Amino acid sequence: METIVREAHRKPPAGPEALEHRNIRQGEFWRAIPKYRDVDEATFLDHIWQGQQSVKSPEELLETVKDLVEPSFFDDAREGFRRAPMAVRVSPYMIASVDWTKPYSDPIRTQFIPVASTLRPDHPRLVLDSLHELEDSPVPGLTHRYVDKALFLPLNVCPVYCRFCTRSYAIGSDTDVVEKVSLAKTPKQWQDAFAYISSRPELEDIVISGGDSYQLAPKNVTAIGDALLAIPHVRRMRFATKGPAVMPMKILTDHAWTDAITGVVDKGRRLGKEVVIHTHFNSPREISWITQKAMNVLFERGITVRNQSVLIRGVNDDPHTMQLLVRQLGYLHVHPYYVYMHDLVKGVEDLRTPIQTALDVEKFVRGSTAGFNTPTFVCDAPGGGGKRDVHSFDYYDRRTGIAVYSAPSVKPGKHFVYFDPIDTLDPDVVERWHIPQVAEAMIAEAVAHAGGARSYVPA
Ligand SMILES: *Cc1c(COP(=O)(O)O)cnc(C)c1O
Ligand code: SF4
């Protein structure tokens with residue numbers, strides 16, 4: 001009798017999909033790319049080679065992938081490069097991770113290589129710097145929005161440039177369509193930022209972003225680390241870098257950089273302060289044996305790595321893809337921390353999703369693995385409200401695509417609005433968005449439904 005009951009309660013063995021995240025890409029996959037056909041492992045793992053060989057123009061792209069794609073794709077990319085708000089820079093590791101038999105639907109191509117034919121009309125309410133980082137900035141290159149934490153932007157370069165970058169107002173070189181704002185790039189500006197942090201005893205937590213900490217010279221990693229660790233009230237630091245996702249080999253071959261980060265982490269630990277790395281994987285296709293090896297190095301050294309993804313149409317907005325990404329990151333001991341709603345950035349509407357997509361994906365992902373490896377889905381409220389749990393809207397009208405948030409401990413008494421991409425709305429609503437007074441009335445109505453304050457902070 002007892003055994004019968006036990007049998008009935010026995011969980012059936014998991015199907016192959018439960019183990020899919022352990023299928024990590026192996027081998028010399030880069031040799032499928034014409035330009036890298038004769039590149040050996042030592043060369044491909046060399047971070048200097050990766051930097052030098054990065055693709056920055058349609059001509060370099062053509063020269064690299066040659067006949068793997070139709071000539072019409074290059075014409076499309078040429079026009080895409082011309083219209084993009086971000087400069088283009090793609091590492092060979094990323095080029096080799098694209099499935100060039102399907103460049104249009106490939107999640108890596110989608111993130112880094114603009115093509116004109118997939119562009120969608122901008123929502124009429126989009127702006128540069130929708131997060132108002134410049135407004136909350138007491139000195140150049142420092143954003144102090146929350147009480148106890150600040151964002152330090154010491155440089156404006158990255159190992160790759162993401163089409164969807166929220167700092168397209170500042171990151172990378174000027175493009176045909178955007179002239180960039182300057183961040184703190186000189187030692188004097190860094191000193192001013194440290195002086196400000198020292199003067200504010202409430203600041204316990206500093207995010208070092210940019211740009212990307214990967215591009216900091218090792219001596220500057222140490223200098224910034226030492227300067228911040230020396231401030232008595234600073235208790236936590238995070239070096240933000242997309243590097244592990246787009247150029248993981250640097251951790252294996254740039255010993256000076258990896259040792260510099262390790263040095264700051266170890267020194268912090270001796271001082272009772274936490275120093276971690278925050279990275280930015282968006283797609284399971286970014287992960288290979290090289291990633292696994294690099295993450296093992298950081299894990300052995302006791303360095304905590306957390307991940308912040310952006311929810312991107314065609315990249316990770318389907319529940320199974322996000323579940324796979326989350327499980328795979330957990331498997332590599334990279335903690336999925338956040339999945340962000342795509343910011344209201346100009347020129348990349350093909351990449352945004354409605355709030356509803358985040359709600360659906362979150363529901364599916366929660367329960368897939370350990371709770372501490374389950375990301376929180378957040379919307380960084382346009383206008384400077386800060387990050388809000390996507391579910392916590394005060395009102396969401398799926399027809400007009402308006403979600404209203406409030407942030408009592410960040411900007412009390414104010415409402416913030418997020419807009420679903422315009423091409424996902426019904427044609428009659430799209431028409432209303434294009435008449436400024438009607439659009440304003442739609443927003444006012446949504447804000448009124450949200451209750452409390454009747455005004456909102458425009459993005
Ligand atoms: C995201 C962010 C932080 C860090 O916020 P967490 O929720 O702690 O990750 C700090 N300052 C600014 C301006 C930010 O945008
Ligand atoms: S790595 Fe980060 S800062 Fe750099 S382009 Fe990408 S999103 Fe922007």
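I206 touches A150, F152, I197, L228, V234, R236, M237 and R238, leaving aside residues up to four places away in sequence; a contact here means heavy atoms within 4.5 Å. That residue belongs to a predicted model, where local features need pLDDT of at least 70, side-chain atom pairs count only at pLDDT 80 or more, and totals for chains, interfaces and linings use all residues. As for bookkeeping, residues are numbered from 1 along each chain as its sequence is written, chains are lettered from A and ligands numbered from 1 in the order in which they are written, and side-chain values use heavy atoms, with hydrogens and water left out.

**More on I206**

- I206 sits in strand β3 (residues 205-208); strands are DSSP runs of E with at least two residues, helices are runs of H or I with at least four, and both are numbered from the N terminus.
- With a relative accessible area of 0%, I206 is buried. Buried means under 20% relative accessible area, exposed means over 50%, and partly exposed is in between (1.4 Å probe, protein chains only).
- L142 is 64 residues from I206 in sequence, and their C-alpha atoms are 9.8 Å apart in space.

**The chain as a whole**

- You'll find 17 helices and 13 strands in the chain.
- The chain's radius of gyration is 23 Å, close to the 23 Å the globule rule gives for 459 residues, so the chain is as compact as a globular protein of that length. That radius is taken over C-alpha atoms, and the rule is 2.2 Å times the number of residues to the power 0.38.
- The C-alpha trace spans about 70 × 60 × 55 Å along its principal axes.
- Of the 459 residues in the chain, 56% are buried.
- Take the contacts between residues at least 6 apart in sequence: 77% of them join residues at least 24 apart.

**Aromatic rings**

- A search of the whole structure turns up 18 aromatic pairs. Rings of Phe, Tyr and Trp (its six-membered ring) pair if their centres lie within 6.5 Å; planes under 30 degrees apart count as stacked, over 60 as edge-to-face and the rest as tilted.
- One of these pairs is F73 with W100, which is edge-to-face at 6.1 Å centre to centre, with 85 degrees between the planes.
- That pair links distant parts of the chain: F73 is in helix α5 (residues 71-83), and W100, 27 residues apart from it, is in the loop between α6 (92-95) and α7 (107-112).
- F73 is buried at a relative accessible area of 2%, and W100 is buried at 5%.
- Y338 and Y340 also form an edge-to-face pair, at 5.5 Å centre to centre and 70 degrees between the planes. Both Y338 and Y340 are buried.
- Ring pairs also tie F29, W30, Y36, F44, W49 and Y93 into a cluster.

**Helix α15 and residue A381**

- Helix α15 (residues 355-365) has I355, T357, A358, L359, V361, E362 and V365 as its buried residues.
- Those buried residues pack against α14, β8, β10 (395-397), β11 (402-407) and β12 (411-419).
- G367 follows α15 and has a positive phi, near 105 degrees.
- Strand β8 (residues 376-381) holds A381, which counts as buried at 1% relative accessibility.
- Leaving aside residues up to four places away in sequence, A381 touches L131, G386, R388 and F416.
- A381 and H132 are 249 residues apart in sequence, yet 9.9 Å apart in space, C-alpha to C-alpha.

- K66, in the loop between α4 (58-65) and α5, isn't a glycine but has a positive phi, near 45 degrees. K66 is partly exposed, at 42% relative accessible area.
- H333 isn't a glycine either, and its phi is positive at about 60 degrees. H333 is in the loop between α14 (319-331) and β7 (334-340) and is partly exposed, at 40%.
- S91, in the loop between α5 and α6, counts as buried at 0% relative accessibility. Not counting residues up to four places away in sequence, S91 touches Q50, S54, V160, V246 and M247.
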